[in-house]
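I opened the model to look up its aromatic contacts and one of its strands. My notes are below.

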Amino acid sequence: MKKSIVFIVFILMPAILLAQPTMDLGVKAGVNNSKVTFRKSEFTSESIVKTHIGAFVRFGWGRIYLQPEAYFGSKGGEILEPAVSLTERAARFDFNNVDIPLLLGFKAVEGERSNIRVMAGPVFSFLTSKDVYNHGQFTKQYFEDNYYGFQYGIGIDLWHFFLDARMEHGANNLYYQPEMGINGKNKTFMVTVGFKIL
């Protein structure tokens with residue numbers, strides 16, 4: 001793994017050093033299709049749709065760019081569990097958070113006014129509110145205050161506008177209830193529209 005990282009840096013470094021640096025600043029907003037996944041097989045996860053809004057900075061060196069972001073979003077999910085009556089009881093998770101991704105991107109197709117990009121990187125999330133509805137087995141006290149994960153996706157630039165589609169996978173627990181052996185992670189598909197101010 002370390003050799004691969006060194007090799008990638010060795011290949012990319014000349015392109016970064018020789019290219020003229022650029023910087024874009026902008027705002028973004030979109031929708032989250034998120035769910036909370038559990039290891040226990042008796043829980044079935046269903047996704048819900050929420051929103052996010054925030055800002056980004058993009059530092060570019062030719063086709064390569066680094067894009068830190070900060071945005072406020074809402075996420076959650078529904079959990080279905082077979083009940084004794086053979087019906088299904090639903091628990092709904094709702095939480096708001098501040099996400100801070102740090103994405104490394106590459107312009108796979110570069111044009112004068114349009115680009116097609118690929119990107120990936122870590123994301124750090126800090127919960128600002130949290131709740132669970134409709135189920136006594138799950139309670140909000142077992143939410144973690146923060147978690148981290150990774151994002152990857154594709155994007156299209158068209159003049160000052162862009163459209164991104166990304167997947168986000170939580171790497172550690174979003175919800176952890178040790179007495180019941182229940183631990184859940186976040187999984188989100190995001191679609192974002194953005195506008196470059198500078």
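I worked from a predicted model, where local features need pLDDT of at least 70, side-chain atom pairs count only at pLDDT 80 or more, and totals for chains, interfaces and linings use all residues. Residues are numbered from 1 along each chain as its sequence is written, and side-chain values use heavy atoms, without hydrogens and water.

**Rings.** I found 13 aromatic pairs. Rings of Phe, Tyr and Trp (its six-membered ring) pair if their centres lie within 6.5 Å; planes under 30 degrees apart are stacked, over 60 edge-to-face, the rest tilted. Phe 38 and Phe 138 have ring centres 5.6 Å apart and planes at 50°, so this pair is tilted. Phe 38 is in strand S1 and Phe 138 in the loop between S6 and S7, so the pair ties together parts 100 residues apart in sequence. Strands are DSSP runs (E, at least two residues), numbered from the N terminus. Phe 38 is buried at 12% relative accessibility, and Phe 138 is buried at 2%. Buried means under 20% relative accessible area (1.4 Å probe, protein chains only).

**Charges.** I checked Arg 58. Its charged end sits over the ring of Phe 162, 5.7 Å from the centre. Arg 58 also lies over the face of Tyr 65, at 5.0 Å. The test asks for CZ of Arg or NZ of Lys within 6 Å of the ring centre and within 35 degrees of the ring normal.

**S7.** I counted strands as paired if DSSP finds at least two bridges between them. S6 and S7 run antiparallel, joined by 13 bridges. Arg 117 stands opposite Gly 155.

Terms used
Helix = DSSP H or I, 4+ residues; strand = E, 2+ residues; numbered from the N terminus. Buried < 20%, exposed > 50% of the residue type's maximum accessible area, 1.4 Å probe, protein only.
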